Structures are given as C-alpha cells and as structure tokens.
Protein chains: 2
Amino acid sequence: MNSQFEIIGKRIPQLDSMSKVTGTAAYIADMALPGMLHAKFLRSPYAHARVVRIDTGKAERLPGVKLVLTPDDVISKTNPIGPTAPKQQYALHREVKYVGDEVAAVAAVDEETAEEALALIEVEYELLPPVLDPEEAMAPGAPQLHGETRNIREPQKVRIGNVDDGFKESEHVFKGRFSTPKQAHACMDTHGCLSSYDSVTGKLTHWTPAQSILYTRMAMAEALNMPLNKVRIVAPPAIGGGFGSKARTFAYDIAAGLMSKMLGRPVKMVLSREEEFMATRSRHPYIVEEELGLKEDGTIVALRQRAIMDVGGYSDTAPLVAQCGQGMVPGPYKIPNIWVDTYPVYTNKSISGSFRGFGNPQVTFARESLLDIAAQKMGIDPLELRLKNTIKPGELPYTTSTGLIVRSCGMEECLHRVAEAIGWKEKRKSCTGIGLACVINWGGVKIRAVNAEFASAEVEVAPDGSLLVRTGNSDIGQGLYTVLAQIAAEELGIPLEKVTIIGADSDSTPPDFGCFGSKSAITTGSAVKMAAAEAKQKLFKVAGNMLEVDPGDLEARAGKIYVRDMSRSVTIKEVAGAAYFSAVGGAAGPVFGRGVWSSPSVPQNEDGYGNYCNAYAFAATAVEVEVDPETGRVKITKFVSADDVGRALNLNIVEGQIHGAAAMGIGLGMIEESIAYNDHSGNVRNPSFLEYRVPTALDLPDIQPVLIEAIDPEIPLGNKGAGETALVGAAPAIANAIFDAIGVRITDLPITPAKILRALKEKRDDS
Amino acid sequence: MNSQFEIIGKRIPQLDSMSKVTGTAAYIADMALPGMLHAKFLRSPYAHARVVRIDTGKAERLPGVKLVLTPDDVISKTNPIGPTAPKQQYALHREVKYVGDEVAAVAAVDEETAEEALALIEVEYELLPPVLDPEEAMAPGAPQLHGETRNIREPQKVRIGNVDDGFKESEHVFKGRFSTPKQAHACMDTHGCLSSYDSVTGKLTHWTPAQSILYTRMAMAEALNMPLNKVRIVAPPAIGGGFGSKARTFAYDIAAGLMSKMLGRPVKMVLSREEEFMATRSRHPYIVEEELGLKEDGTIVALRQRAIMDVGGYSDTAPLVAQCGQGMVPGPYKIPNIWVDTYPVYTNKSISGSFRGFGNPQVTFARESLLDIAAQKMGIDPLELRLKNTIKPGELPYTTSTGLIVRSCGMEECLHRVAEAIGWKEKRKSCTGIGLACVINWGGVKIRAVNAEFASAEVEVAPDGSLLVRTGNSDIGQGLYTVLAQIAAEELGIPLEKVTIIGADSDSTPPDFGCFGSKSAITTGSAVKMAAAEAKQKLFKVAGNMLEVDPGDLEARAGKIYVRDMSRSVTIKEVAGAAYFSAVGGAAGPVFGRGVWSSPSVPQNEDGYGNYCNAYAFAATAVEVEVDPETGRVKITKFVSADDVGRALNLNIVEGQIHGAAAMGIGLGMIEESIAYNDHSGNVRNPSFLEYRVPTALDLPDIQPVLIEAIDPEIPLGNKGAGETALVGAAPAIANAIFDAIGVRITDLPITPAKILRALKEKRDDS
C-alpha cells in the first residue's frame, strides 16, 4: 500500500515525542515573561443571578494587587464576541448564567495574592430562578436567559424530499428517544493564556493554545477594538490536546488581553482543573426523538428527527454544531426523505461547544440504535440491513439526497472487515453480545456563518537543501506537524530530518483556518503539498540549467534531482545553493513555495442541502461484550474499528487517532458520567478527575484498528480525515451489542451498570 | 518634489522613536530567558603569543561555574569561519594575535561568577614578537602572523587603460602620501548575543544584533556543523547602531552557541565597552600613496595608487573592503588610466572590518586632498577643477573607465549648491578657509566572493485591510522599518499606521542579504514595493469583481480602491475581507504578495572593472573653518553637504543620515584619535569613551544638508543610498579648508591641533 511514497503512509513517530516524554516541551502553563502578572477570575456561586453591587476596594488595597476588573469595566472597554450574531460573550457578565460564570478578575504579582484578593471582593447578587433541564427551559413560564422565545437560539432544520410521503410509503416505522451526556474534553493541558501589550507600540502579543490562531486573532481584535496588524496571536510550543475545547476565544483571553492593555504588563491566566470542568466547554447533550420508515425489504425511505441541544448559558457554537450534526443524520445511507428540527436551548449550565464529533456522535447514536431496533423487529440481520442501505463503490460519485458528493466510499468494505474481525456470523448465534454501527464523517466543514475555509502554507528551501515549512495551523498533540513534515519531505524527495516546521504565529506564518473537524491533514496538508510542489518546480528550473535538460524531465528522490532516466543528477543542496547564490536558472534568489488550499465545499442551505465538507470518511465499529446480569457490569471483550480515512498519511498517527477516538467513544458510551449539576443550585457535582471518570488504559479493551483507504480523487493526497470516525460509532455499537447480549436496550448515554440493572428489572417485570 | 507620492518623501518620524525615548525598546542586553547562563571571555594580555598550557581546574570548581571552554574544545568541536577562504576565525585561539584575542570562555550562573572564574584560569603563554605597524609587517624579517608572504592577505589591484601612457600624456603630476586612522564604530549598543539550544529537538535559536541574519545563520551553521533548518537567527527588537560593526559573526556568537549546545541551557554574552574597543572591529587604517596626472587644462588623465591596509590579527573583510574601496578611487571623475595596488597587511592589533564607507573615506581623502594640491599648484579654482572632470547629466547613461554604469548623476548640481551655500566665490578670497570634496558612493555592492545579492519581502493583507510586512533585514537604528512601512503604505494607498513591520527572524521572515553599503532602502525597499504591488494586483482582481470593472481601471488611494474616474469605490477593508472570506474574485484565500529584488550588478573582475553596485550616489561637501594659529584649534563655522541620494524616501531619515554621517566624518577628520596601541606591548591605550573621544553635539557645527534627487531610472523607487555619502567627503573638505585658511596641508588623519601646530612650525622653518 502507498508504494509510490517513500515517507507518506509509513509508521513515523511524532517529531515532538522526545520533547514530550522528556518534559522539555513548553505548554502555556510553562510560559513566563519578565514582569508578568498572574490573573484569576471570581466566578459566580449561583446558577442564575444579577450582580447588583461589586465592591472591589478591599481587594484593590491588598499589596501586590495591580488591577481588579468588574463587568462594568469590561462592558465599557470591550465588544462582545461569539461565532454567530447576536454576540453574547463578554469576559465578565452583569447577569451570570451558570455556576462558574465570570464576575470579576484580579491581576496580581503572584497567583496566591490574586486568589487572596478574590476572597476580598464583595458582590451582592439578586438571585434569579435557574433552569437546568432543556425541556423545562422550553416550557411556558420557564426562566428566560436571553429573551429569545422559549430559550431557543436559532432553530435549525433539514427538509429533504417529502417525509410525509416517505412515511406513507413505509411498511415499517420505528421510533425512539435517545439522549447523550455533557461529556468533558478532559485535555491534560488546562486552558490559559499569556498576554503582553506594548503600550508604546500599541501591539498585543497573545500566547494561547488555540486550535485556530486566525479566529482568535479576529476575536481578540474585535473584543479589544484593535486593528489586526496590532494583534499577534502565537500558539505555545506545545498544546496538550484540543478535541474542540480550544477552538474558541475565551473569557480568559479577553480578560488577560484587556488587563495587559490597561496595565502595560504581561498578564498570565491559567485555569485550574476545577475551572476546566465548571467553566470551559463540553459536548452538547442531545435529546433525540427519531422515527425511521422502511420498506419490507429493509430499504430506508424516511427519517424524521426532533433534537434538543442543551446549549448552556450562552450560545457559542450551538447553531453550527446543529447544522453540521444534521448533515450526518442520514449516516452513510441512501435516505430520500428527511425532516429534522434541532432546537438549541439555553440552560443555566456551563457552555456547550465544539467537541470532536461536533453533533455527529449524538445523531449517530440515535440512528444506529434505531436501525438495530428495526432490524431486530423486522427479523433482518443488522449487518445486512446496513449493507443494503449504504452507498456502494459502484455508485460513485454519489450525490446524497442532502447534497453530499461522495467521491470515494469504503463503507461496505469497513462493514465486511469488522464483521469478519468480530466473527459476526458465528457470534450472532452465541451467548456473547455483538453489535455494530456505521459512521459517515466530514473531512472539514464549511458553515453558512463564515462561508470560507482555507489553509495556506509556505516552504523555504535553505541554501544547504534543508527546509522550513511555515504553517498557521496548530499542532494540538495529534501530530499534525509530523504529517506536514512528511508531506514536504515526500514532495521534495528529502529526508524527514531536513524539514523543520515553523508553527502558528500570526505575525509570521501564513493564515490558516485552524484545526477542526478532521480537516488539518486535508487543508493544511494540501497547502503544504502545493507549496512544496511550487518550490520543487523552482529547483527543477535551476537544476535543468545545471544539467542542461528540460525541467520537465527531472525528478526529486533521496536528496537528489535526477534526469528521469537516472543517468545524471545533482544534489538538492547543490541546486538550492546555486539558486541562492548565483544566477543559474535566472536571477539569484531564495527558493520559496506557497500553497493555498481553499475548500471547494459549499455550506448547507436553509433546508440542510449542500456538499459542505471537503471529503467524507466512513467507519464501521463492531463490539463484543460480556454483561454480568448480577452487577450490570459490561466488559468489552473485542473492539474493532474499520475506518475508511482515505490515504493514511502516517500509520502511527492514524492508528493513534483511532485508538484515542475509540477510547473517547467508549467513555461517552459507558464510562464518563455527564458533567453533573445539582438540580437545585446548579453546582457542578463532579469537577475533578476523581469524580468525573475518563477511561484509563485499565478500562479499555484491546482496540483493533482496520484501515481502509478509499482514496479521494479530488484531495491532493487522497486523505479524508481520521480524527473523529472511530469515536462516533462506539456508543451505538456498544448499545447494540448489549441488546444482543441481554435483550435490553439503553437509549440514554452513558450505559452504566445501574441503568442496565434497572432495564433488566423492567424487562423481568414486563415479562 | 515627489508630488506623486502621499507618504514617500515626507518628513515622518521613525516608528520606533517612542519606544526608544521611553526606554521600552529591548536591546540584546535587555533580553533574558529562564535558566539563562552568563558567559565571559578570558582575553589575551599579549599582542602575540602561543598558549602553551591552560589549567581550568580551579575555575571549574568555583560554585556557579557550568563550563570552561578552551581553544582545544573549540577547535575540536567547531569549524573556523571567515568571509573569504582560508577561514581563520575560531571562537578561541591557540595562538593569539592581539591584546584582547579570545583564549578561554566561562559560562556561569551570573556575570560576577563568570568574571571571578576568569581570574582562576591559569594560562601559560609563549611570547612571540609582535608587529604593530603594517609597513614594518611587510618588511623582511618581520614576525609572521599567518604564514602568508610579507603578512599580506590577498593583494587587490585595478588595471584600467594604460597608466604609463597616461602619465606620459600628463603635463602636470602630483603626488602625496595620506593616512587614515583606526576609527571605532562606537555604537551605543555593545555587541552581544543570547543563544538557546534545545537538546531534544537539536535546534539552536540565537538572538544577535546582526546586520545580516542571513550571513550569521550560514556562519553559525558552518561553525557548529549544523544544517540550516536547525539554526534560527533572530535580531533583537532594537539594535543600537551598526555602521558595519555588526556585519559579521563574532567569537561570542560561536562561543555562546557552542556552550549552549554543550550545556542545553541558554547562554548570554554581552561585551563591555572596553571589550568593544579592544576586540570587536574598527575601520581599516590606510596608508595611501597616490599620484595624479593632469593636462594643462585640468583634465585628469592618470591615477596611480598604492595602498596599505592595516588588517589587524585576522583577515575578516579586508579583501572585500580593498575591492570595494578601489572601485571608488577615481571618484566621480572621468579618469581613463588607473593603476591601483592594495595590500591588506596583518598586524598584532584588533581586527579591522566593515565600517560605514567601506574603503571609500580612505581613498577619497587621498584623492580629494591631492586634487586640491593640484588645483593650488596649477592655479585652477578647486571647484572648477572638479566641475571640469566630473560626469555631466548630459552624458548619461555614462559608463566609467572602470565599468560603473551611471544612470543618474547630480554631482554637478551638488557642487553648485554647496558652492553657493558656502559662498565659494566670495570666501575663497577672504581670510576664512573654505574647502570642498566630491564623493561617489555605492548603493550596495556585489562582491566576487559571493556574487549574489538579494532581498525578499512579504506583504500580507489582513481581512480588516491592515498590513503585515515581513522582512529578513535588520533595522539597526537607521529607520529602515519606517521606510519599508512607508513604501508598503504608499503602494497600497493606506495610512502608515495600518502597517506593521515584522522584523528579522530566519524562521519566519523572507531571506535578505542584510544591511550594508547604503543598500537596504534599495534592495529591501524594492522587494517591499514589489510585494505590495503583487498584493495590490490581487486586491484589484477582487475589487474588479465587486465593482464590475476591469482591474486595470482601478487605483488605490486613501484606504479605498477607486474606479479610475473616481465615480465608485470600495474600501480596502471590504475588499480584503471579501478576498479572505468569500469566493469573490476566485477561490477564497489570504491576500499575499512577495517581492524578490535580485541585484543586477556584477562583481568587479580581477582588474577592478565592473558595474558592481545597484546605483551610484554623489555628494559634495563644503566646509568653512577658522583656525587659531596659536593653539592649532580648528573651528568649523559652516558645513554644507549636498547629497544626490536619488529619491529621498523620508526627509527626516535622509537628513538624519546626513547629519550622522557628517558627524562621523568630522570625527574621522579631526576629533577621533585612532584606536591607539602601545608600541611595545600592543595594549590599547584608549578603550573607553573618556579616552577615545567621539564627537558630541558640542563639538559639531550646524550641518546643512542639501538634498539633490537625481532619480535612478532602474531602481523601482529611484533611490540610490543615503547612508554613507556625507561621511566620505568630510575629512578631505576639512583638510582642504584648513589649507585654504593657513596654507598648511595635513595628510594624516585626524587633523589635530598638535599636527597643525607642528605643520605651521615646519612651514615657518621652511620659509
């Protein structure tokens, strides 16, 4: 496989592994500047309240305190930000919407003094009634958070075909209600920033572990009312995980920037683990009511869904998650009639936001569970039912009813491979439980609110033939920079160690929309390939003069440029040096290449139609479980994920993504309790790793990745995104396997022993 | 003048003025990194000696000392560097060549400990005989420094026409011997660096106030045997003067880089003022014997010169200074027959190197003094003699006998203007003394050893229409970045404050040969103009779609893009935003422009023929003096410098250059004693500002700049270089004025009261 490549498609360790394991990698918490102050937030102890009075006098008089910021300061000096209008988010708020919402901020000479000062700030609150449940929030008479009707922010819809006709045509109709939890990203690296404003030049330099320095730069400029040429955003040398949690600009970014601007000193703000759970972002909990209509032969003809998203206190990315998630509702299946209504609903909880999967795990859990219900009720093998409805290779390119243009699809192969690996035919008849689920996922999305997505990259060839690659995208730990180095080295035929990646800094690296939705290796990867190809053409021009042949007759391999018949060659070092220092091949000058990948996808229209992704990846997950009926405990005895990611650029990294995504999906499906709130006070009950359990190695089965590489013909390297697929199918596959094992179906994630015992009891009571 | 421009050609304060006057600008001495060590050199107390034994044991045992480096360490771990082969310079030497030469280095937790450790290093030297005078060094039996014949390193020559025939043709021949001192650059910012090696990634980041981070990167990579993609050179935010003194890579760069590499910790090394005088660089002292042959009517027909350059202990840039200086020997005059021999000669003094003027002040002092001698002896007015021989506007383009292609020349106008300003006709007959001198100077030079010179720059338009300009060139205090911002703002029709310059960092800014020879505003300025023009074309393409007109019918002014008839417009902000975020005008993407200026000049051949400069600037300096015959004290009562710099891009900066250059020329001519050595020990007698006097405001006359703008038709902005012209003519004009005042001629710079008194006495004795 990938035999035309020397470096791409191999098992290559991440280039930053050594600095991470030896502890030399600098995360945001490790950064420091001379004269730096430390800042902390005072957070609301109430889920819903109005700040009536703040007295900061005592705090300001504490020695070492340099500034106490109130909501009035913030509202008078900054603009609100948010991904869609109306923008709601200030760094501090006069009306707090959840326990942990930001009320005041202190900058002091050290963290202890800042903490001490927080305790000296006197705040008088007028308590408002909170609402914690989204369905209650939609009910008449519920407390109103933002004055939008029934607490609903921008409902989203899909209207494809005629769903009423579809259900009329259906010979079988199945319905279910499914719910998914408020999962925490649980990055090892807590959020934070370091902001340094130069009051003489008026320039702000702001280090923050952003998944997109481009968006952060625009948000900071907007919030602080500064021109973009005065705002420099830099990603710290290392970022310890993103998963969507670092895809936004946060209260701490704005507060630190504003305080640095007011004080003319660097201000650092790093959140604690508790703050991370209480006041950053999480996955949107969904309540999905879904109805599926099928013909007798198993053909799906209609799908109707009503979804309620729990948005938390401010809207953030909710409308975007709703749109993107809706696009994945039909899955990899050919469904002609689709009707979806999605209601993003405010509650007095922390903000839900971007999270690996971005709406897809929630809708996939519903669909794949419901498909198994249908299969069981109709007496069709769940595998056969899926194979019947999925897009087939012979049909490509295939435009789905919702407008997705599928140019490559390994879905069928994924299903066959996991069925084989899990022993589908034999085990369906045995006493263990097996289940499976299918997934379609994007390789990047283009959304209506922005309607653009690009990545640009730059390659500079040094006169010794070594290479600098500049990218404005962030490596958040997934290994992006390793893959970019592979792509550049491959294109120019040089060893990997000759490539250095220069990472995200808005002053000095080319703009890039950043790292979301499994797209960086497509968008930034393509930009790097294009940049390297341009540099190669320039080297070929010089080499052509040196070798006295047409540049078109040259190829680059193993550090040399060869005449195609391999008769003669020059080293890339010789060519790069000649280009730099002599007039061979034209006027002397440095060898550069620039690549801009501008995504050709189009946002969905108001009815949910549109080819809004660069490419589509597919996956099938198969799970074997043993369930102890006495304790309700589920043990996964086998876990296979077959992922059609298109070209796998680095086997280590792609398999690592599958391992990590599967672990997160298993966490979502059966281990991680939602971020949990006290029903009355709205306090978070589990704001630590002791109380909020993420899966550890001991909790996880042996995860078997199977790579299917259905190459996308329109992506330069044929890759389609590998970061999310294996997460999305895990929970429904587990639910389906549990049903197969013990005949009870859990529709409310996570599937805990308590829920299983309760369901088993209900089943016994029913029978 | 310059009415076609909005921003270019105006009086614009330097953009970094505020940060300099408020003290927030960070120079290399202000920089710090966590865990940083401080390093110091042990320097030779002897002018010439061999290190027989070094015992570092006691120093190594001093608490706080982390490393003591010896010549053996350095020679085994690094390669020697130097601008031309054979390369001679290591960070430490086994055989020391001057008092102050580097023998050992210590890295310790603070400067005091490092200093203390130096005193504990025991060195046993074998003393060798020193030679301090270059003529003695050329004599048989002199001590040999590098084993080259008669201590001469690469003699250089000019052979144009037939000089013997020329002198045969001459009706008058005049001869003189002239000498110039070892002038110190005397930058306010002493040399230093901060080097940080990451032992996990193998990457070195090195901050150093280099005039060329490009050359420094190559030198560091060569010295430390590292690939270029692992060497990052960054200029500190502020540099306090260069004048050529920071145009090289120094022992401290290599030593700090090596120590950081060995220790895996940042190492900082900043020289003291004493070290600055003893062990950095200086102007090459010249001894010039020159002979001039003229026809009866004043036409110059032959010039013969023999020059000896005092190179100091290692060659450094000597052959390059020799070559470049030789090209200026004929000045702005049409001289058909030229013979020059230049001998770079080693002595046991600190290294002479690049210095503003780069050989030109030395040869111009000789020529312009000798011309006055000729004028006086032949009874021709010195002004008329110069006017007769100089290149005239009507002759352009004019190729000189040495191959210089002069496309614009304001020499004649400069002469007329200074003559008028100084009151030439009236004052020649009065009792005050007046004198003048003519200058030709380069706007950048291309040398045989490199045969390339380019600058590249990048412009990025932010979606709010503000601009980042990236340059790999350094602003050494002269205001380059202000001029680059003007050029970009002018080209794009936006206000200056919308432009931010991102300065020299080899990881992130486009390669540039750096800042030498009055060229940056030509080379980098042209590159920025080209980059901005490319970005403008891209904006026009988008604006053309928005306005539905041909992009060729658009122009950019005052932040808008107008249809040429001014009927309609869009703001640049709207266009930049549209380009970024929508598909208007093609696929969405960031708006960039890149410019590469590759100098079309050609190095001189072995006979000194070649158009080796981008452009030629001209100047005339006129001086009025009063000489007190009792004390020998000279008072300059009037100083006029008319400089044809081509287009003056910023009047503040160009006039500032003329003021600064004139001050330095006056220092050279009559104030600054040479860096002076004890004849026997080779100790520097004046290594401080108390002993080495640079001119202060109180020493200086009112300097009147007159700008002549003879536009160069082949430089994009028509500019020709303004950094050196006013320096070169000052000393000969002063010498000529003193002769005019009191009838004695001083040929040995600086012209001190003691020399005048001695000459007056000799004159009285003679008569």
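How many residues of chain A are in contact with residues of chain B? The count is 46 residues of chain A against 46 of chain B, where contact means that the C-beta atoms, placed from the backbone, lie within 7 Å. This is a predicted model, in which local features need pLDDT of at least 70 and side-chain atom pairs count only at pLDDT 80 or more, while totals for chains, interfaces and linings use all residues. Residues are numbered from 1 along each chain as its sequence is written, and chains are lettered from A and ligands numbered from 1 in the order in which they are written.

**Where the chains meet**

- Several elements of chain A each supply at least two residues to the side that touches chain B, among them α1 (17–21), β19 (454–461) and α17 (572–581); helices (H or I, at least four residues) and strands (E, at least two) are DSSP runs, numbered from the N terminus.
- The biggest contributor is β25(A), with four residues.
- By class, this side of chain A has 24 nonpolar, 14 polar and eight charged residues (Ala, Val, Leu, Ile, Met, Phe, Trp, Tyr, Cys and Pro count as nonpolar, Asp, Glu, Lys and Arg as charged, and the others, Gly among them, as polar).

**A sheet in chain B**

- Four strands make an open sheet with mixed pairing, in the order β18-β26-β27-β28; two strands pair if DSSP finds at least two bridges between them.
- β18 (433–442) and β28 (703–708) of chain B stand at the edges with a single partner strand each, so one side of each has no neighbour in the sheet.
- Strands β26 (residues 616–627) and β27 (residues 634–644) of chain B pair in the antiparallel sense over 10 bridges.
- B:V625 has B:I636 in β27(B) as its bridge partner.

**A helix pair in chain B**

- B:P361, B:F365 and B:D372 are among the residues of α11(B) that meet α20(B), whose contact residues include B:A731 and B:F739.
- The residues of this contact of α11(B) with α20(B) divide into six nonpolar, three polar and two charged.

Terms used
Two residues are in contact if their C-beta atoms, placed from the backbone, lie within 7 Å.
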